[in-house]
Amino acid sequence: MYERFPTYAPVVLALLLTASVACNRTAASPTTPSPAGGALKPSLTAEPQIVRPEFLAGSSCTTRSSFGVRITVTLGAGEDLILRGLRFSFTDRFGDRALPEVFPAPHGSFIPSSSPIPFPGVAPLPSRGPIPIPGLPPIDGLLVSARTSRELPFFLRFGCGLFPEGTILIDGDFNDRNGRPDRAEMRVSVR
């Protein structure tokens, strides 16, 4: 008696073998350190999570008044990190998008009268100059030491015509001590 081998069996075996090989691609060896190196990713938080707009007096708005908000951004990580830049943007509840004027703000009732920053939406970072990284050119930014946090208070000023309810997006660019880039972002509600 003649028994026939099913033709679909080799096809199924080939697909299963290809899938198992594709899912297990790694360049790791027993001596390769883990990708994260046991360190925590950069953490970016803000206080408060919900901010109230402060309407600014003396504006010559014909539509909605200009307003500002106070936010304290807190940075931290499990290893040394360098904050290279912070960007802020705002989307109101109708979808209108704007970049605020960003001012470093000491704690208290500081409302700036002029803009010290040439690019809207970009925060100035306190720095003592470029941070040296062995084997690489120095990186400009703010160094935050391992297992510590750093608070950066800001006042964000928005122009006329925006509805003062929406979401602020805070976007941070980081480098570790080896020069590897990373980024973190978070959202804060304005009500």
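Select Pro48, in the loop between β1 and β2 (50-51). This is a predicted model. The peptide bond that joins Glu47 to Pro48 is cis, with omega at about -10°.

Next, select Ile71. Along with Ile168 and Ile170, Ile71 is one of the residues with the most contacts inside the largest nonpolar core, which has 30 residues. At least two residues of this core come from each of β1 (43-47), β4, β5, β10 (142-144), β11, β12 and β13 (181-190). Show what surrounds Ile71, leaving out residues up to four places away in sequence: Ile71 touches Ala46, Glu47, Val51, Leu152, Pro153, Phe154, Leu156, Ile168, Ile170 and Val188.

Now turn to the aromatic rings. How many aromatic pairs does the structure hold? There are six. Select Phe67 and Phe90: the ring centres are 5.9 Å apart and the planes stand at 75°, over the 60° cut-off, so this pair is edge-to-face. Phe67 belongs to strand β4 (residues 67-76) and Phe90 to strand β5 (residues 81-92), so the pair ties together parts that are 23 residues apart in sequence. Both Phe67 and Phe90 are buried.

Another pair to select is Phe94 with Phe163. The arrangement is edge-to-face, with 5.2 Å centre to centre and 80° between the planes. Phe94 sits in the loop between β5 and β6 (97-98), and Phe163 in the loop between β11 (149-158) and β12 (166-176), so the pair ties together parts that are 69 residues apart in sequence.

Apart from neighbours within four places in sequence, Asp96 is in contact with Phe90, Thr91 and Leu162. Draw a distance from Asp96 to Gly166: the C-alpha atoms are separated by 9.3 Å, and the two residues are 70 residues apart along the chain.

Move to Leu56, in the loop between β3 (54-55) and β4. Leu56 is buried, with a relative accessible area of 14%. A C-alpha to C-alpha distance drawn from Leu56 to Gly68 comes to 7.0 Å, and the two are 12 residues apart in sequence.

Then select Arg147, in the loop between β10 and β11. Arg147 is not a glycine, yet its phi is positive, at about 55°. With 69% relative accessibility, Arg147 counts as exposed.

Last, colour the chain by pLDDT. The average is 76, and 62% of the residues score at least 70. Select residues 24-39, over which pLDDT stays under 50. For this stretch the model has two contacts beyond four places in sequence. Where pLDDT is low, predicted coordinates should not be read in detail.

Terms used: Residues are numbered from 1 along each chain as its sequence is written. This is a predicted model: local features need pLDDT of at least 70, side-chain atom pairs count only at pLDDT 80 or more; totals for chains, interfaces and linings use all residues. Side-chain values use heavy atoms; hydrogens and water are left out. Rings of Phe, Tyr and Trp (its six-membered ring) pair if their centres lie within 6.5 Å; planes under 30 degrees apart count as stacked, over 60 as edge-to-face and the rest as tilted. Helices (H or I, at least four residues) and strands (E, at least two) are DSSP runs, numbered from the N terminus. Buried means under 20% relative accessible area, exposed over 50%, partly exposed in between (1.4 Å probe, protein chains only). A nonpolar core is a set of buried Ala, Val, Leu, Ile, Met, Phe, Trp, Tyr and Cys residues joined through side-chain atoms within 4.5 Å. Contact means heavy atoms within 4.5 Å. pLDDT is the predictor's confidence in each residue, from 0 to 100.
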